[in-house]
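Please keep the sequence and the structure in view while reading.

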Amino acid sequence: MEIIHSLEELHRFNVPCVIALGTFDGLHLGHYDVIKTAKEYAVSHGQKLVVFTFSNHPLSLIKPELAPEALLPPFEKQCYIKRMGVDVLLDIVFDEHLARMTPEDFLATLRVLDYRCLVIGENFSFGFHGEGNSRTLQRSAREIGFKLIVRPLISDEGTIVSSTEIRRRILAGDIEAANKMLGRAYSLCGIVVKGKQRGREIGFPTANIELDNSDVIIPGVGVYAAKVLFDGREYEGMANIGRNPTFGDLTRTSIEVNIFDYAGDLYGRKLIISFYHLLRREEKFPSAEMLKKRIEQDKEICREYFINFSKNYRI
């Protein structure tokens, strides 16, 4: 997959193509539907597949105070898009120039790509003040002469799948609902750093994680059934997000994971933690011994969860 980072580089790719347009900030089921539809059209018409998206969220420029936390770090976003068989990714910085561009100017800028079809979600907007939308694109398609495919929004049990809704579910700890909308387990990536080793003292050593990207959204405080990937192998485990109130650590939220069936040294290693199920909210226990007993229960519940999970479905 070729990656283009600026509008000035568009001349590098000038063959008949289909473009999937969108912010694609979460790569959830709705986003996959738009890209999948574009791919099907490209394959059936012998054209190349292009995805146009932004490397930063538009709100980070327009209203920084309202810019949402990321659901995917930039590199992971690129990896997921590549796996979909995309030929060219236009991963463009949303800057002042783009923000002031009229819908007509935007389409004219893309013409160097020789696009024959554009695919969007029905709520897609673009151009200065979001003046471009599916209705204006229908008119442009007739005037310029390209095909426009508008995909309906996808809903889950009556709720529209959106990045905003997924963020809300993740923050609330409703990770299973978020995963369903994403079409995959939500994950965080980070390096193992030295902690206070209290988990080791009570028989449940944990890997303390320092995130690679501080802009990503962190699930709500609690204990989660999780899977941990490193060295090409995935392990089951429990992840704790919280402040360790039993030990009086109330100043900083930490992310730590107890990995089942692994006893090696992980300091300095990069782990990918995927969250599957909220076991319980964080609690303050009267003693370390009481905490240990509860963690033992959590581990049994977690193992049972993954047994049932593997039997019934996969994200």
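A residue is called buried here at under 20% relative accessible area, exposed at over 50%, and partly exposed in between, using a 1.4 Å probe and protein chains only. The model is predicted: local features need pLDDT of at least 70, side-chain atom pairs count only at pLDDT 80 or more, and totals for chains, interfaces and linings use all residues. Residues are numbered from 1 along each chain as its sequence is written, and side-chain values use heavy atoms, with hydrogens and water left out.

**Overall make-up**

- The protein chain has ten helices and 14 strands; helices (H or I, at least four residues) and strands (E, at least two) are DSSP runs, numbered from the N terminus.
- Of the 315 residues in the protein chain, 48% are buried.
- Taken along the principal axes, the C-alpha atoms fill a box of roughly 75 × 40 × 40 Å.
- The protein chain exposes about 15,800 Å², and carbon and sulfur atoms supply 50% of that area; accessible areas come from the Shrake-Rupley method with a 1.4 Å probe, and for residues only the protein chains shown count as cover.
- Among contacts (heavy atoms within 4.5 Å) with a separation of 6 or more, 71% are between residues 24 or more positions apart.

- Strand E4 (residues 88-92) is mostly covered, with five of its five residues buried.
- On one side of E4 the buried residues are Val88, Leu90 and Ile92, and on the other they are Leu89 and Asp91.
- Strand E1 (residues 2-4) runs parallel to E4 and is joined to it by three bridges; two strands count as paired if DSSP finds at least two bridges between them.

- Six strands form a closed barrel in the order E9-E10-E13-E12-E11-E14, with antiparallel pairing.
- Neighbouring strands of this sheet are turned by 45 degrees against each other on average, direction ignored; axes are lines fitted to C-alpha atoms, for helices over the stretch in contact, and angles run from 0 to 180 degrees between N-to-C directions.
- Four bridges join E9 to strand E10 (residues 207-211), and these two strands run antiparallel.
- Glycine 190 is found in strand E9 (residues 186-193) and stands opposite leucine 211 in E10.
- Glycine 190 counts as buried because its relative accessibility is 0%.
- Leaving out residues up to four places away in sequence, glycine 190 touches Ile209, Glu210, Leu211, Asp212, Arg269, Lys270 and Leu271.
- From C-alpha to C-alpha, glycine 190 is 9.2 Å from asparagine 208, and the two are 18 residues apart in sequence.

**Helix H8**

- Helix H8 (residues 175-182) lies mostly under cover, as six of its eight residues are buried.
- The buried residues in H8 are Ile175, Ala177, Ala178, Asn179, Met181 and Leu182.
- H8 lies across E9, strand E11 (222-230) and strand E14 (270-280), and runs at about 125 degrees to E14.
- Glycine 183 follows H8 and has a positive phi, near 80 degrees.

**Aromatic pairs and charges over rings**

- There are 14 aromatic pairs in the structure; rings of Phe, Tyr and Trp (its six-membered ring) pair if their centres lie within 6.5 Å, and planes under 30 degrees apart count as stacked, over 60 as edge-to-face and the rest as tilted.
- Tyrosine 115 and phenylalanine 146 form an edge-to-face pair, 5.3 Å centre to centre with 75 degrees between the planes.
- Tyrosine 115 lies in strand E5 (residues 115-121) and phenylalanine 146 in the loop between helix H6 (134-145) and strand E6 (147-151), so this pair ties together parts that are 31 residues apart in sequence.
- Tyrosine 115 is buried at a relative accessible area of 0%, and phenylalanine 146 counts as buried at 7% relative accessibility.
- Tyrosine 305 and phenylalanine 306 also form an edge-to-face pair, 5.4 Å centre to centre with 70 degrees between the planes.
- A cluster linked by ring pairs holds Phe52, Phe54, Phe94, Phe106, Phe124 and Phe126.
- The charged end of arginine 184 sits over the ring of tyrosine 80, 4.6 Å from its centre; this requires NZ of Lys or CZ of Arg within 6 Å of the ring centre and within 35 degrees of the ring normal.
- The charged end of lysine 227 sits over the ring of tyrosine 276, 5.4 Å from its centre.
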